[in-house]
Amino acid sequence: MSGMEGDKYRSYLHGEGELNTSWRYGGPPNYDIVNKLFEDERTKVWPPGSLEEKVQNLVKSWEMEIFHKASLEVFKTIDVNKYTFSLNGIKKEKKEKMKNQKLKH
């Protein structure tokens, strides 16, 4: 996942596959400052291609999709037909509950 055009930690942010993506805030986010802080403050640099690096980048890509992509149908980090979520121990909900909800940071 690393090495994608535009962001070395997040996939599905730029490129041909995202041309028709509807973004919550008008366009894809810019993570340049966040990436710089991450690189300056992290305590471990994972070997390229390692499982640890793949998990790190998957989590960063998932977070980007959850907060910035307007439609679950364009998510690529999860299977939206099987995805459920639960907050603070409340009953699991399916994707329909998430549709059209504004997520807050």
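Asp7 is buried, with a relative accessible area of 3% (buried is under 20%, exposed over 50% and partly exposed in between, with a 1.4 Å probe and protein chains only). Arg10 also counts as buried, at 3% relative accessibility. These two form a salt bridge, with their closest N and O atoms 3.3 Å apart; the term asks for a side-chain nitrogen of Lys or Arg within 4 Å of a carboxyl oxygen of Asp or Glu.

This is a predicted model, so local features need pLDDT of at least 70 and side-chain atom pairs count only at pLDDT 80 or more, while totals for chains, interfaces and linings use all residues. Numbering runs from 1 along each chain as its sequence is written, and side-chain values use heavy atoms, with hydrogens and water left out.

Glu18 is buried at 8% relative accessibility. It pairs with Lys69 in a salt bridge, closest N and O atoms 2.9 Å apart. Glu18 sits in the segment before helix H1 (32–41) and Lys69 in the loop between helix H2 (51–68) and strand S1 (84–85), so the pair ties together parts 51 residues apart in sequence. Helices (H or I, at least four residues) and strands (E, at least two) are DSSP runs, numbered from the N terminus.

Lys76 meets Glu18 too, in a salt bridge at 2.4 Å, N to O. That pair spans 58 residues, with Lys76 in the loop between H2 and S1. Shared partners join Glu18, Glu65, Lys69 and Lys76 into one salt-bridge network.

## The whole chain

The protein chain has three helices and two strands, in the order α-α-β-β-α. Buried residues make up 30% of its 105 residues.
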